[in-house]
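The stops below are given in the order to select them.

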Amino acid sequence: MAEIYNPGSVSQPLVIDDDDGYESLSGIKHELEEGHLLLEERFDVDDVFEVDEYGNEVNPFEELDQEYRAEGRLEGDLYEVIDLTEDADDNAATSRPRTATASDEDILQYWTLDDGLLLTPHMTVELRPSVDQEAIEFLRILSIVKITEPERTFVVLRGWGFRRSRNFQGCLPKKLNEVCLIAKMKTSDKRGWKEQALIDVDPRQVMMLRDLRMTNADFPDYRFNANEYHRLGKEMIKESGPLVCRWRKEEHRHPRTKTACEFAFVRLSEDEVDDRYRVKDAQMVNRWRGGVVPGGSHIPNRDSPGLVLDLEDEGSEQASDLQPGQRYTAADIFAGAGGASRGIERSGCRLLFSLDHWEPAARSLRRNFPGTHIYQKEVTDFVTEDLPPEHSYPDILHLSPPCQFWSPAHTVAGKDDEKNIAVLFSCTDLIKKLRPRVFTVEQTFGLVHDRFRLYFHTFLQGFTSHGYSLRYKILHLNQYGLAQTRRRLVIIGAGPGEKLPPFPPPTHSKTPEVDGLKPVVTPYQALLAIKRIKSGHPMHNLATVHRFDPPKRPWDPSKPVNTITCSGGQNYHWLGERQFTDLEYAVLQGFPRWHQFSETNVKKQIGNAFAPSVVRVLYEHLIRFLRKQDGVAGSNLPPSSSSGDSSPIAIPDSDEERDELQFLGLGGLGTKDQPMKLDDEEVEYLGESARGWSATMTGRWDGGREGVGRRARCEARGYEVDTDGWPEYREEDFMELDAGTMQDPVVIDWET
C-alpha cells in the first residue's frame with residue numbers, strides 16, 4: 001500500500017526513507033500473478049448437491065458457499081500458521097520468556113561485557129542477528145539478574161524485546177528506525193502485558209548500545225533529526241540513529257495448546273511511555289476527531305450532536321451523568337440486509353446510517369430501519385462525497401467488506417475482482433472520513449491464512465497507518481448464543497488516544513455447569529421463537545416448503561446446524577422430511593423473527609449477514625467499555641431503545657424476558673414511571689408467549705424420526721405433539737393481558 005506522509009516543513013522536512021510503497025504494491029501484483037496455490041486443490045463434490053426453494057438441485061459451490069466450504073479445508077494448516085514459534089534455542093538473541101523457577105535470583109546493579117561495555121538497567125541494546133524471523137532485534141534492559149541453579153550460575157538481561165516495524169510483514173507502516181515492542185502472553189495469566197512481556201537474554205548476544213524512545217506521539221514526532229539524516233545518510237541513521245517505539249504487538253496463547261489464538265497491534269498510551277516523549281491521550285483524541293461526547297454523541301432534543309469536550313482543557317469538566325436518552329452513535333458499512341445493523345440497534349446504539357449498494361439488501365434495510373438513513377451506493381463513491389453534519393464522526397463504525405476475492409474458493413479471475421480490491425483499499429479511506437472512536441470488522445477466517453497474508457496485512461495497515469490500535473481473533477459464534485457452527489474473523493479497533501477494548505467473554509458454553517455460563521443454544525430451542533407463526537407466512541409456509549422424497553436422515557436438534565450459507569448450506573429440518581423455511585434460516589442466523597427481507601435472494605441475504613444476536617452481545621460490551629472509559633455515572637443503566645423513543649428503559653433479569661418485548665420491536669420494558677404502551681395485537685402476542693410452555697419445557701431430542709424420547713417427556717407433562725414434532729400448547733400456560741391505553745397503560749412487571 002502506498003504510504004501516507006505528513007507534509008514537510010522548514011524545521012521538519014519530509015524524509016522519504018523507505019521503498020515501502022513500491023514493495024507493497026509489487027508484492028500484491030506478484031500474489032495476483034501467481035494465484036492462490038490452495039485453490040488448485042480439487043474438492044470432492046459428489047453427493048453434495050442441495051435443493052433450492054423450487055425443488056431444483058443446485059451446486060453448493062456457487063457464489064459464497066465456496067468460501068465456507070474452503071474454510072473447512074484450511075482449518076488444519078491455519079492453526080499451524082498462527083501457532084508461531086514460542087521459544088528459540090539458547091544461542092539465538094530471541095525471547096526466552098521469564099518463567100518461575102526454583103532458582104535463586106539476585107539483582108545486579110550493572111554488568112560488564114568482555115569488550116568492556118558497561119550495561120545498566122534502562123539501557124537499550126541491539127542484539128546479534130538471528131536466522132529466526134521472529135527473533136527480537138533490540139532489548140530495553142529493565143533488570144540484570146544473576147541466577148543460581150544447582151548445577152550452574154549465570155547472568156541474564158531481563159527486559160522488553162523489540163523488532164523493527166518494517167519486519168511485521170506490512171501490518172505496520174514501514175518507517176526507518178521505527179520499532180514495535182513484542183508481548184507474548186498467556187490467556188490464563190492475569191498479569192498485565194508489562195510483566196508477561198519480560199524476556200531473558202544472554203549478555204553475550206549484545207552488540208551495541210542504542211537510543212530508544214518510547215512515545216505515544218504521532219509519527220514523525222521524536223524520530224531522528226532530518227538534517228542529520230541528510231548529513232549522515234540512511235545507512236548510518238539505521239545503524240546508530242535513535243529508535244522510536246509507538247506500538248506493541250500482543251500474541252495471546254492458549255496455555256494448554258500453546259497456540260496463538262488472539263493478536264493485537266496496540267498504540268502505546270501515555271502511561272506506558274517515557275516521560276520525555278509523553279503526549280496526553282486526550283490531545284491525541286482531539287487531534288484526530290476534535291474531542292468526544294462522554295456517554296455518547298446522541299442526546300435527544302438538542303440542536304447540536306452533543307457537547308464535544310476539549311479533553312485537553314483542564315478547566316472543562318467531563319459530564320458525570322448520562323443525559324436522558326443519551327446513546328452512542330453507530331454506522332454500518334457493507335450492511336447487507338441489516339444483520340449488523342439489527343444487532344447494533346438492539347444493543348442500544350443510535351444507528352445513524354447504513355450503506356449497501358445491492359438493491360435487494362437496500363430494500364430490506366429501508367423496511368427494517370425507517371428512522372435510519374440508508375445510503376444505496378458504492379462505498380468508493382461514498383468516501384468522496386460530503387456528509388451531513390449529523391452523520392459525521394459516529395462513535396462506533398462496523399465494516400463487513402466483501403471477501404470473495406480473498407476467499408480460498410476464489411479459483412479464477414472474476415468480473416468483480418478489481419472492484420473488490422478497490423473496496424479493500426477503501427476501508428482506510430472510510431476510517432479517515434468517519435474517524436470513529438471504535439470500529440469492528442467481520443470477515444471470513446480464511447483471510448488470516450498465510451496464502452492471503454499480503455491482502456490481510458495490507459488491510460490491517462489501512463487502520464494502523466491512521467494510528468488505530470486493533471485486535472483480531474477467530475470467534476466461535478455458538479459461544480455467543482448462535483445455534484450453528486459458524487466461525488468468523490472479528491477485529492476490534494480503537495482510535496488515537498482511545499483504549500482498545502477486549503473481546504467480550506463468551507456467554508454460552510457446552511459445559512455450563514463447569515464454566516458458569518448459559519448452555520449453548522440448540523436449533524430446537526432457537527426455533528421455539530417461531531412456533532406460533534401461522535403457516536402461510538411469506539417466509540414460513542409449510543405447505544409450499546420443499547419436502548424430500550424419500551426423506552433424508554434425521555439428525556439431533558440438540559446439536560448446532562452447519563454454517564448457514566447463501567443457499568442455506570447442507571441444512572434441513574431435523575425430522576429429515578423438509579427443508580428449513582427462510583424464516584427458520586433467519587432465526588438460526590440470529591435474526592429476530594420480525595426482521596423483514598425483500599422478496600428476492602432471501603437466502604443470500606441471510607447467509608451473508610453477521611449474526612445480529614452476536615453483534616448485540618459485542619456492541620453491548622463495547623457500550624459498557626466506552627462508558628467506563630468516559631467515566632460517566634449510570635454505566636450500569638441499560639441502553640435506550642433505538643426505535644426512536646429516547647425514554648429510559650429497565651433491564652429485565654434474563655435475555656428471554658427482554659426478548660419477548662423486543663420481538664415486538666419496542667426495544668425495552670416499561671416501568672411505572674415510563675410505562676410501555678401496547679396495542680391489542682401486541683398484548684395478544686404477549687399473552688401467548690410471556691408465560692408460554694417454553695419457559696419450563698426441558699424435553700430434548702433423543703434420536704429417531706419420531707423423537708420418541710422427546711415425545712415421552714412432552715406427554716408426561718401433559719402436552720400433545722403435533723405432526724411436525726412440536727409440543728402443543730395448553731390453555732393454562734398463558735397469562736391474560738388487557739390492551740393498554742394512553743390513560744391506562746399496561747405495565748409489565750416480570751416479578752409477578
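This is a predicted model: local features need pLDDT of at least 70, side-chain atom pairs count only at pLDDT 80 or more; totals for chains, interfaces and linings use all residues.

Residues are numbered from 1 along each chain as its sequence is written, and side-chain values use heavy atoms, with hydrogens and water left out.

**Nonpolar cores**

Select Ile 333, Phe 382, Leu 399, Phe 439, Phe 463 and Ile 491, which touch the most other members of the 44-residue largest nonpolar core. Such a core is a set of buried Ala, Val, Leu, Ile, Met, Phe, Trp, Tyr and Cys residues joined through side-chain atoms within 4.5 Å; buried means under 20% relative accessible area with a 1.4 Å probe, protein chains only. Helix 10 (residues 417-434) gives this core its largest share, 6 residues. Helices are DSSP runs of H or I, at least four residues, numbered from the N terminus.

Another core, of 33 residues, lies apart from it; Leu 365, Ile 374, Tyr 480 and Leu 626 are among its members.

**Helix 16**

Next, select residues 612-630, which form helix 16. Of its 19 residues, 15 are buried. Gly 631 follows helix 16 and has a positive phi, near 65 degrees.

**Cysteines**

Finally, show the cysteine sulfurs: the structure has 0 disulfides (pairs of cysteine sulfur atoms within 2.5 Å). For Cys 171, the nearest cysteine sulfur belongs to Cys 180, 9.6 Å away. Cys 171 is buried, at 3% relative accessible area, and Cys 566 is buried at 5%.

Key:
Helices (H or I, at least four residues) and strands (E, at least two) are DSSP runs, numbered from the N terminus. The expected span of a helix is 1.5 Å times one less than its number of residues. Buried means under 20% relative accessible area, exposed over 50%, partly exposed in between (1.4 Å probe, protein chains only).
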